[in-house]
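Subject: Structure handover

Hi,

Here is the model for your set. Please look it over first; my notes follow below.

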Amino acid sequence: MRIIERHLPAFCYRDAPLNPEGLIVHWISVNPDAPELNAESVADSYGVDDIWNFLVELNRPGPEKGPIWKPMDGGRLWGSYHYLISRAGDIYQLVPPNRQAYHAGKSEWRGRVNCNGWTLGVALAGGRDDDYEPAQYEALAWLTSHHGLGPWATAGHDEVAIPQGRRQDPGRQFDWQHFRHLVRQEAA
Ligand SMILES: [Zn+2]
């Protein structure tokens, strides 16, 4: 497999160094019905271009948004991932893995707080209503192993977000047993 570099602008992540000791799994989609978005500018909820544009405008400092976002009053939000795995299983690197992304928010895992400071964030194109594609599991397992991480160095955002229940991703449809089996195979 290969990694396609498509870095977000520097304002989308922190310059602070990262030495990844874990990997947090997320979902992402662009919901054209969200009130803050221009529905007609979203071609494909799971499309790489739409997700990339969505993240850029989410993080852009200042009120100038668009065209995917409606103008907001100084509405800067934070959200980014080191990797995006498309429905086809292509791996896009959005943030350099030696820098900290804004993916976990307030979080705690195995007694350590601030997962952004020590984990990679990987977003699978997906949502509540769809199963993940076999190619996405394969890509995620390869990527986990590529970073020297084992099957138990991984967790879902739902597991680490505090307070508990704040996040639901990657969702009940994510098959952890299958994924961890694939990671073990990668390492073998
Ligand atoms: Zn998440």
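Start with helix H4, residues 176–187. H4 has 12 residues and reaches 17 Å from its first C-alpha to its last, close to the 16 Å expected at 1.5 Å a residue. (The expected span is 1.5 Å times one less than the number of residues.) Helices are DSSP runs of H or I with at least four residues, strands are runs of E with at least two, and both are numbered from the N terminus.

This is a predicted model: local features need pLDDT of at least 70, side-chain atom pairs count only at pLDDT 80 or more, and totals for chains, interfaces and linings use all residues. Residues are numbered from 1 along each chain as its sequence is written.

Which residues of H4 are buried? Phe179, Leu182 and Val183 are. They cover an arc of only 100 degrees around the axis, so they sit on the same side of H4. The arc is taken from the directions from the helix axis to the C-beta atoms. Buried means 20 or more other C-beta atoms within 10 Å of a residue's own, exposed means 12 or fewer, and partly exposed lies in between, with C-beta atoms placed from the backbone. The face of H4 turned away from its buried side carries exposed Gln177 and His178. Helix H2 (134–146) is among what covers the buried residues; contact here means C-beta atoms, placed from the backbone, within 7 Å.

Now the whole protein chain. It has 4 helices and 10 strands. Of its 188 residues, 36% count as buried. The C-alpha trace spans about 50 × 30 × 30 Å along its principal axes.

Best regards

Technical notes: Two residues are in contact if their C-beta atoms, placed from the backbone, lie within 7 Å.
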